[in-house]
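Me: I have a model open here and want to go through a few spots. Can you take some quick questions?

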Amino acid sequence: MDRPAVSCTASPDPLHDLYASHHGWLSGWLRRKLGCPEQAADLAQDTFLRILGARDALPAICEPRAYLTTTANRLIIDRARRKALEQAYLAELSAVADTRHSFPSPEETLIAVQALMQIANALDRVPVRAGEAFLLHYLDGMTHAEVACRLDVSPRMVRKYLVQCLLACDLQSAA
Amino acid sequence: MKPSPCTTASEQAAAWIVRLSSDDAEERRQAEQSFLAWKAADPRHAEAAARLEKLVGQLAAFRQDGSRSPARQAILAARQSTPRPARRLAARLALLAALLLPGWLALQTTPASSLLADLHTGSGEWQSTTLADGSRLALGGSAAVDLQFDAKTRTVTLLRGQILVDVAHDGRPFIVATPHGSIRALGTRFLVNRYADETVLEMLESRVAVSVVGSDRPIVVEAGQSLRFAADGGARLASIDGPLLEDAWRQRQLVVRDRPLDEVLEQLARNRSGLIRYDREAVASLHVSAVLPLNDTDRALQLLANNFPALRIRRFSPYFVTIDRAEAH
């Protein structure tokens, strides 16, 4: 039977085993999917990096190839999102340049884009109104009462929305 | 993926941070103080708080440096570029469950009879009262009593939970009644704990006479003794360390020596705002000797988990925990 080298049994270095057994296969899979060898090699590398960043989950991987493709697919979506996000951010930043003190440095832009990605991903997981309450309060600086009035809900509900969004953001930072 | 960070710490941190920007200045001030204490209590709290504070700080920075609208446009663009419709439904269902849960929990954890009692506490809530005769009555979590004082007797009916009674001497007998019997005192101090099928009396000072249902002769229980009695007339005396128990009560600790786990879990459940669901029969065969914090039931559950590898404790949210025995592999 064609058993993958890494199964549910723990190995002294499961990541190494995973890499050795499946890196070539994943690169091939990504090349077929993306049609671009450089991008595929890059993404394969990133996929393992992401898994490396979450090592404690490794011993539980029973279907390594499914796990790898899921992780790679998420990276592809994340990259597309990040690109769209960064472009929109920089474009709007130029448009409002005169109301700002200065244009952000590349480091500041990177930090901002990361935080915005975290928020965008988190807001996918909460109801539309909760996400709106979150942005009105934390980004626009409205008070709880003002948000409640704008969304026509109780201030209590606003709090619930805010807690829900913060929690979703925190889960994103761990993903 | 990493295992999600301790959900409880995240949820609590989120709740604190929302309170920090409350519209009410007094609430903000209080929240700031308590938040500091909460963060200092556990490194996981501090980590969860730091992650969220960083995010909120970044949002404030967008607001202050005039890039609110770029931030908003960026989030919008990202979400429009790759909509994730499948997750929306899951999120809605989860929200629905979250909205339904609190009301349902309230129904589950507070029987109607307790709401109508003369004095009652919610889960995790401790309350101390001086009665009209000067006696002091302290209620542990999820306790309820009815009071009936007349010219001849003072009667406290223990409906639920545990109480500490410090009886003032005034000539009338002081009676604590449960379905399993009644405890009669003149001036003394003791703890009474009512369970479904038995009552446990722990004497801290002086003595009382207990009339157990279905038995004609009262049993005298002295300081340093405990009596477990049931409605079938069964009663068992044992010796206890009174001062230790009283200290433990004041510090909201549960001291148990060789008690079945289900009894311990019942006490934890009374002091927890969420539900603890467990299979009574499956856990009753495990016996516990421990000192557990009743005001930090998360820690208490963790201590139990550490000591009983066979125990499987699953935390679905801070409001819902299930406990059973792990299947043998």
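**A buried glutamine and its surroundings**

Reply: Let me begin with B:Gln267, which, leaving out residues up to four places away in sequence, touches B:Gln162, B:Asn193, B:Tyr195, B:Leu254 and B:Leu294. This is a predicted model.

Me: Where is B:Gln267 found?

Reply: B:Gln267 is in helix H8 of chain B.

Me: Is B:Gln267 buried or exposed?

Reply: Its relative accessibility is 5%, so B:Gln267 counts as buried. The cut-off for buried is under 20% relative accessible area.

Me: And how many residues of helix H8 of chain B are buried?

Reply: 9 of the 10 residues in H8(B), which covers residues 261–270, are buried, so the helix is largely enclosed by the rest of the structure. Charged side chains are on that list too, including B:Asp262, B:Glu263, B:Glu266 and B:Arg270. Also buried are B:Leu261, B:Val264, B:Leu265 and B:Leu268.

Me: Which strands pair with S12(B)?

Reply: One is S9(B), residues 198–205, which pairs with S12(B) in the antiparallel sense over 5 bridges. In S12(B), B:Leu227 stands opposite B:Leu201. Another is S13(B), residues 235–239, which runs antiparallel to S12(B) and is joined to it by 5 bridges. There, B:Arg228 stands opposite B:Arg236 in S13(B).

Me: What do S12(B) and S13(B) form, and which residue in the turn has a positive phi?

Reply: They form a hairpin with 4 residues between the strands, and B:Gly233 in the turn has a positive phi of about 90°.

Me: Which residue other than glycine has a positive phi?

Reply: B:Arg252 is one of them, with phi near 55°. B:Ser206 is another non-glycine with a positive phi, of about 60°. Most residues other than glycine have a negative phi.

Me: Where is the place of B:Ser206?

Reply: B:Ser206 lies in the loop between S9 and strand S10 (207–212) of chain B. With a relative accessible area of 38%, B:Ser206 is partly exposed.

Me: What about the place of B:Arg252?

Reply: B:Arg252 belongs to the loop between helix H7 (242–250) and strand S14 (253–260) of chain B. B:Arg252 is partly exposed as well, with a relative accessible area of 29%.

Me: Switching to the two chains. At what angle do H5(A) and H3(B) pack?

Reply: H5 (residues 128–139) of chain A and H3 (residues 43–64) of chain B pack at about 65°, and their axes are 8 Å apart. That angle makes H5(A) roughly perpendicular to H3(B).

Me: Which residues meet there?

Reply: From H5(A), A:Phe134, A:His137, A:Tyr138 and A:Leu139 meet B:Leu55, B:Val56, B:Leu59, B:Ala60, B:Phe62 and B:Arg63 in H3(B). The residues of this contact divide into 8 nonpolar, 1 polar and 1 charged.

Me: Last topic, confidence. What does chain B average in pLDDT?

Reply: Chain B averages 81, and 85% of the residues score at least 70. Over residues 1–6 of chain B the pLDDT is below 50, and that stretch has 15 contacts in the model beyond near neighbours in sequence. Residues 85–115 of chain B are also below 50, with 24 such contacts. Where pLDDT is low, the predicted coordinates should not be read in detail.

Me: What are the ipTM and pTM?

Reply: The model scores ipTM 0.78 and pTM 0.47.

Terms used:
Residues are numbered from 1 along each chain as its sequence is written. Chains are lettered from A and ligands numbered from 1 in the order in which they are written. This is a predicted model: local features need pLDDT of at least 70, side-chain atom pairs count only at pLDDT 80 or more; totals for chains, interfaces and linings use all residues. Side-chain values use heavy atoms; hydrogens and water are left out. Axes are lines fitted to C-alpha atoms, for helices over the stretch in contact, and angles run from 0 to 180 degrees between N-to-C directions. Helices (H or I, at least four residues) and strands (E, at least two) are DSSP runs, numbered from the N terminus. Angles under 35 degrees count as roughly parallel, over 145 as roughly antiparallel, 65 to 115 as roughly perpendicular and the rest as oblique. Contact means heavy atoms within 4.5 Å. Buried means under 20% relative accessible area, exposed over 50%, partly exposed in between (1.4 Å probe, protein chains only). pLDDT is the predictor's confidence in each residue, from 0 to 100. Two strands pair if DSSP finds at least two bridges between them.
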